[in-house]
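Visitor: I'd like to learn how to read a fold like this one, feature by feature. Could you walk me through it?

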Amino acid sequence: MSKVEEKLDNLVEKIIAKLDEGVLPWRFSKNSLNDNVHVSCRPANVVSLEPYTGKNYFVTLFNLCLNQWSSGWFGTFLQWQANDCKVKKGEKSTNIMRWFSRQVIDPYTGSQTTEEGHRWYSVFNIDQVEPASPKGETYLSVNKTAVVNPVHLDKVTNRLIDPAGNPYYRVALFDDIPNLLGFNFEEKEDPDFDLRFDHKNEKVIMPPMEEFDNSATYYSTLFQGAVLAIGKRLGRVDDNNRNVAVTSREHLVADLASVYLMDILGLEKTDNKNVSEFLPNWSRYLKADKKNLMSVINDATKATKYILDKIGLNNK
């Protein structure tokens, strides 16, 4: 087993331990994490300012939450060094993957082919480094409080807030998701559930916004419902293979995709109480094969991209 594979295995074991404690290790919460942790803190590279996507997003997010780091900025050893900072002694890196495509010329035939592959890079969170000079101290101080701007900030922040002081807001684009994705949707008051999915009719049923703690929780739940509604279209499930295990996995994909969407769109990632019943099943699923986590991440990434494309926002 390579060092990268060993790190990924250790990461899965930490996630399983949190699930066994009844904690969602990929969601920020003011109650479960330190007060200084940003509730909306999308992992990104501190030099390029580019947010991580796909597998790299989830791997950095998991490490960010599990270690209770206060910021989502990551950089390589050399990137931190170039800004007069140094990695603290004993700190362990997070491994991210970068895909490449290059043209290769055969030295014997002169023919040209395209070679594709990936390389692993080691990155460190801003909480894992310290200044090596006054310049480095200033660099860290500025970046500690900076956050990644969400994609299409103008559309997301165009919130219809009640002038009477209602704490809830509506985002017209999000409210139109059932129509844009083409699934049935019903708001129905019910004290016993926050989300129900009728797979036979591709229907998402959930309480009205006022039944939730805040608007972010409402939209997070709506995103989960949308991911469940498109499961058949994306080939994750069909009506002949639905059982408890499949349903549980679907909710895991939906919760991870919801978190990804919330981060991309700049909404607070609140606690998700409607998946508590699935936590033991998720733990067993990951214990059965640690590679299952990457399988779920792939499906969550595909679902996120599909939804963003359908609502007219590009995944950046």
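Guide: Let's start inside a helix. Phe58 and Phe62 sit four residues apart in helix 2 (residues 54-66), so about one helical turn separates them. Keep in mind that this is a predicted model.

Visitor: Are Phe58 and Phe62 buried or exposed?

Guide: Phe58 is buried, with a relative accessible area of 0%. Phe62 is buried as well, at 1%.

Visitor: How do I describe a pair of aromatic rings in general?

Guide: You give the distance of the centres and the angle of the planes. Now the case here: the structure holds 15 aromatic pairs. In one of them, the ring centres of Phe58 and Phe62 are 6.1 Å apart with the planes at 40°, so this pair is tilted.

Visitor: And which aromatic residues does the cluster around that pair link?

Guide: Ring pairs join Trp26, Tyr57, Phe58, Phe62, Tyr260, Phe278 and Trp282 into a cluster. Trp282 is worth a click: this residue lies in helix 10 (residues 279-288) and counts as buried at 1% relative accessibility.

Visitor: What does Trp282 touch, leaving out residues up to four places away in sequence?

Guide: Its contacts are Leu19, Leu24, Trp26, Ser248, His251, Leu252, Asp255 and Val275.

Visitor: What share of contacts in the whole protein joins residues at least 24 apart?

Guide: Among contacts between residues at least 6 apart in sequence, 69% join residues at least 24 apart.

Visitor: Now sheets. In general, how do strands of a sheet pair?

Guide: They pair through backbone hydrogen bonds, either parallel or antiparallel. For a parallel case, look at strand 1 (residues 44-45) and strand 2, which pair over two bridges. In strand 2, Trp73 is the bridge partner of Ala44. Between strand 1 and strand 2 the chain passes through helix 2, and this β-α-β crossover is left-handed.

Visitor: Which way do the residues of strand 2 point?

Guide: In strand 2 (residues 73-76), Trp73 and Gly75 point one way, while Phe74 and Thr76 point the other way; all are buried.

Visitor: And which strands pair in the antiparallel sense?

Guide: Strand 10 and strand 11 (residues 203-206) do, over three bridges. Within that pairing, Arg196 has Ile205 in strand 11 as its bridge partner.

Visitor: What is the strand order of the three-stranded open sheet?

Guide: The order is 9-11-10, with mixed pairing. Strand 9 (184-187) and strand 10 (196-198) stand at the edges with a single partner strand each, so one side of each has no neighbour in the sheet. Neighbouring strands of this sheet are turned by 20° against each other on average, direction ignored.

Visitor: Which helix packs on that sheet?

Guide: Helix 8 (residues 215-229) does, touching strand 9, strand 10 and strand 11, and its direction makes about 160° with that of strand 11.

Visitor: Let me end with the overall picture. How many helices and strands are there?

Guide: The secondary structure comes to eleven helices and eleven strands. Of the 316 residues in the protein, 47% are buried. The protein exposes about 16100 Å², and carbon and sulfur atoms supply 48% of that area.

How values were computed. Residues are numbered from 1 along each chain as its sequence is written. This is a predicted model: local features need pLDDT of at least 70, side-chain atom pairs count only at pLDDT 80 or more; totals for chains, interfaces and linings use all residues. Side-chain values use heavy atoms; hydrogens and water are left out. Buried means under 20% relative accessible area, exposed over 50%, partly exposed in between (1.4 Å probe, protein chains only). Contact means heavy atoms within 4.5 Å. Accessible areas come from the Shrake-Rupley method with a 1.4 Å probe; for residues, only the protein chains shown count as cover. Rings of Phe, Tyr and Trp (its six-membered ring) pair if their centres lie within 6.5 Å; planes under 30 degrees apart count as stacked, over 60 as edge-to-face and the rest as tilted. Two strands pair if DSSP finds at least two bridges between them. Axes are lines fitted to C-alpha atoms, for helices over the stretch in contact, and angles run from 0 to 180 degrees between N-to-C directions. A crossover is right-handed if, with the strands pointing away from the viewer, the path from the first strand over the helix to the second runs clockwise.
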